[in-house]
Amino acid sequence: MKNLFDHINDTELKVVAAKVFAGSRISGEDALLLYSKADLPVLALLSGTVRRRLNNDFAFFNRNFHIEPTNICVYNCRFCSYHKPQGDPESWEFTHNQMLDIVKKFDNIKVTEVHIAGGVHPLHDLDYYCLLISRIHEHRPEIHIKAYSAIELDYMISMSGLSIKEGLEELKKSGLDSIPGGGAEIFDEEVRKRTCPEKTSSKRWIEIHETAHNLGITSNATMLYGHIETYAHRVDHMRRLRDLQDRTGGFNAFIPLKYKKANNPMSYLGEVSILEDLRNYAVARIFLDNIPHLKAYWPMAGRELARMSLLFGADDLDGTINDTTKIYSMAGAEEKNPEMTTEEICRLIRDAGFKPVERDSRYNFINTFAL
Ligand code: V47
Ligand code: SF4
């Protein structure tokens, strides 16, 4: 009978595969080798091994909704399709009452999380953001509030003159539970200079997440890929995250975000193929052995890629029941009006051969749909 190694022809790849099957950590060089030499069946086999070790046959989703407070932003990331300067006719900005009205629309609907993130408004300070969180928390205390990317946090906390730790403590007191993974982009300083030069530095992004983890505020981490970065930049990005996770254990999920080209100054680059997306999910799953979950954010990726990603290491679809997130729709996301019923998400997961689990924001099981 053939053994698994017989499917792998390259000698160096066989060594990496042996590490993965043995449950050992792979190096950055190993990850580069996987990116450049491993074909998709081998990547499916290796990432499937890691995903089963970490998450069995489960594929998670949650019931959440999004609030984007504003698209007004002081920054000008070259890949961003939706930010506008203050006063622009296409800008929007919700008041606290309007955002509370969005929360109230879900009063009789089973949701467990609200995700709040948007542009970096020039005028709002920490008190403004704390007040919004505390009003939502008062209105619906049981809902998990995942809010403000490290970029928004950096700006609001700097404006208040507090340290990161003090600022995050204030937000936590107001009811903040966790922080989303945005703003990481690609950590390499040269790539950052060319794609989002004004933005919070990589060092500061890491510092904000590390401080949050140390305060018991968990978070996610993203990686924006498929533009000017090389495989080495992706591996460097993930290595910085893996190192941080070794120190704190505070990341819940890693979320690769494919660069989408509509309506932004980097469109001339085009977009990478779905095969490249699958390759990327797989290498991420194998390399990031200490981040428990790999999220294929389906409103952005689309249903078909999200379904296939489950075979390349992903175990979480996010599962937004009503996603009005404009940051993707304006960049050309696959899903124009992302809304999936529980039945649809379960079917999608079962079609790929996995077991659907509704989770809460800490990945506790809520419903296993009679597995
Ligand atoms: O940091 C901006 C990305 C991110 C484009 O934590 C783009 O659960 C693709 O972080 N093409 C914000 N991506 C969104 C984000 C997120 C999303 C879903 C779930 C979670 C979570 C976090 O959106 C930005 C940036 O990397 N982005 N423009 C674009 N043209
Ligand atoms: Fe602003 Fe975020 Fe867009 Fe950058 S990606 S311009 S920080 S809204």
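Visitor: How many disulfides does the count come to by this rule?
Guide: The count comes to zero disulfides, where a disulfide is a pair of cysteine sulfur atoms within 2.5 Å. This is a predicted model, in which local features need pLDDT of at least 70 and side-chain atom pairs count only at pLDDT 80 or more, while totals for chains, interfaces and linings use all residues. Residues are numbered from 1 along each chain as its sequence is written, chains are lettered from A and ligands numbered from 1 in the order in which they are written, and side-chain values use heavy atoms, with hydrogens and water left out.

Visitor: Why is Cys 73 called buried?
Guide: Cys 73 has a relative accessible area of 17%, and buried means under 20% (exposed is over 50%, partly exposed in between, with a 1.4 Å probe and protein chains only), so Cys 73 is buried. Cys 346, with a relative accessible area of 5%, is therefore buried as well.

Visitor: What surrounds ligand 2?
Guide: The residues around ligand 2 include Cys 73, Cys 77, Cys 80, His 83 and Lys 199, each counted as near since one of its heavy atoms lies within 4 Å. The shell divides into six nonpolar, two polar and one charged; here Ala, Val, Leu, Ile, Met, Phe, Trp, Tyr, Cys and Pro count as nonpolar, Asp, Glu, Lys and Arg as charged, and the others, Gly among them, as polar.

Visitor: Which residues touch the most other members of the largest nonpolar core?
Guide: Among its 99 residues, they are Leu 34, Tyr 148, Trp 205 and Phe 254, a nonpolar core being a set of buried Ala, Val, Leu, Ile, Met, Phe, Trp, Tyr and Cys residues joined through side-chain atoms within 4.5 Å. Apart from that core lies another, of 15 residues, with Phe 79, Cys 80, Met 266 and Tyr 328 among them.

Visitor: What is the volume of the second largest cavity?
Guide: The volume is about 60 Å³, and a search of the whole structure finds three cavities of 30 Å³ or more. On a 1 Å grid over the protein atoms alone, a cavity is a set of points where a 1.4 Å probe fits but cannot get out, and lining residues have an atom within 4 Å of a point; a volume is the space filled by probe spheres set on the points, which are joined across faces, edges and corners. The lining has one nonpolar, four polar and four charged residues.

Key:
1 Å grid on protein atoms, 1.4 Å probe; cavity = no way out; pocket = protein on both sides within 12 Å on 5 of 7 lines; lining within 4 Å.
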